[in-house]
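Please read the following report alongside the sequence and the three-dimensional model.

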Amino acid sequence: MNNYLLRTAVWTLAANDRFPGGAGDGIQPDDPQAARQALGLAHLDADLVTLVEVFPITHIERLRDLLAEKNLTYEITILPQPESHLHIGFLHKPWFTVENPRFIPGSEGTYAGGRQALAVDVTAGPRLKAVVIGVHLKSGRDKPDQDRRDSQCRVIGDWIAALRQIPGYKRRPIILMGDFNMIPGQDVSNFHLLGADDEMNFVSSWDLQDRWSHILESGRANLLDGFAVSGPPSARYVQGSLRLFPMHWAMKMGRSKFRAEVSDHLPFTASFRVF
């Protein structure tokens with residue numbers, strides 16, 4: 001434990017196999033992918049990890065147990081998605097508290113079967129009280145996909161703006177992270193609506209603009225995952241700490257092998273002061 005920093009991370013697990021030719025049951029406990037993901041998380045060793053595309057929901061318990069075998073203790077916060085088989089959850093170390101998990105109502109937007117954003121309250125040390133929101137927005141590059149993301153982003157952005165008016169939450173940092181499925185510079189309306197009238201600062205769009213997090217089958221890659229903090233940038237956020245974690249290098253894999261055996265996404269990490 002670092003007594004001064006809370007190190008956060010976000011990672012998309014690529015567990016969705018409900019497609020033609022897929023088994024349709026996600027990552028099973030005896031699947032080698034589960035063990036590889038636990039090894040990757042051990043290399044990451046973050047205090048709070050937002051996990052996207054958890055399927056089945058018990059997969060997060062398997063990861064916790066495998067990490068425990070590596071002498072890394074994590075607790076779990078997760079809620080079953082109302083309409084989707086793909087879940088969002090949090091792994092967090094026991095030295096701080098994660099509580100009050102709740103969905104942002106209607107944040108699946110007009111996407112039937114979409115994922116609702118999941119928010120939690122985080123308290124670490126004497127000075128960090130934050131709201132962390134995990135999201136998994138509609139994928140796809142066509143106009144109808146962008147329109148569905150617009151509907152999701154509008155609901156989440158409005159919820160953030162309303163939260164800032166609630167006593168006890170007005171000065172809390174808001175940390176938004178997940179699989180945005182949005183590309184900086186392309187999905188302009190998505191970012192505008194998700195930003196809650198300039199409430200959020202999309203740090204990943206600036207600090208990681210020359211990097212990539214999503215590995216395509218063709219071998220190319222793009223920046224689909226996102227990280228934002230309430231703006232102007234929170235005094236708790238350590239400026240410049242947002243990094244793409246090269247998990248494939250840590251595991252001594254090329255990105256094609258990593259995509260095939262671990263995940264088609266790489267994680268982000270960022271740090272927050274707790275004192």
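## The largest pocket

The lining of the largest pocket divides into nine nonpolar, 14 polar and seven charged residues, where Ala, Val, Leu, Ile, Met, Phe, Trp, Tyr, Cys and Pro count as nonpolar, Asp, Glu, Lys and Arg as charged, and the others, Gly among them, as polar. This pocket has a volume of about 610 Å³, and of the 30 residues that line the pocket, Asn16, Glu53, His214, Asp264 and His265 are the closest to its centre. On a 1 Å grid over the protein atoms alone, a pocket is an open set of points with protein on both sides within 12 Å along at least five of seven lines, whereas a cavity is a set where a 1.4 Å probe fits but cannot get out; lining residues have an atom within 4 Å of a point. Grid points are joined across faces, edges and corners, and a volume is the space filled by probe spheres set on the points.

This is a predicted model, in which local features need pLDDT of at least 70 and side-chain atom pairs count only at pLDDT 80 or more, while totals for chains, interfaces and linings use all residues. Residues are numbered from 1 along each chain as its sequence is written, and side-chain values use heavy atoms, with hydrogens and water left out.

## Nonpolar cores

A nonpolar core is a set of buried Ala, Val, Leu, Ile, Met, Phe, Trp, Tyr and Cys residues joined through side-chain atoms within 4.5 Å, and buried means under 20% relative accessible area with a 1.4 Å probe, protein chains only. Of the 59 residues in the largest core, Leu41, Leu51, Phe227 and Phe258 touch the most other members, and strand β2 (residues 48-54) gives the most to this core, with five residues. A second, separate core of 24 residues includes Cys153, Tyr169, Leu193 and Ala196.

## Strand pairing

Six strands form an open sheet of mixed pairing in the order β5-β6-β7-β8-β12-β9, where two strands pair if DSSP finds at least two bridges between them. The edge strands, each pairing on one side only, are β5 (97-103) and β9 (200-201).

Note on methods:
Buried < 20%, exposed > 50% of the residue type's maximum accessible area, 1.4 Å probe, protein only. Helix = DSSP H or I, 4+ residues; strand = E, 2+ residues; numbered from the N terminus.
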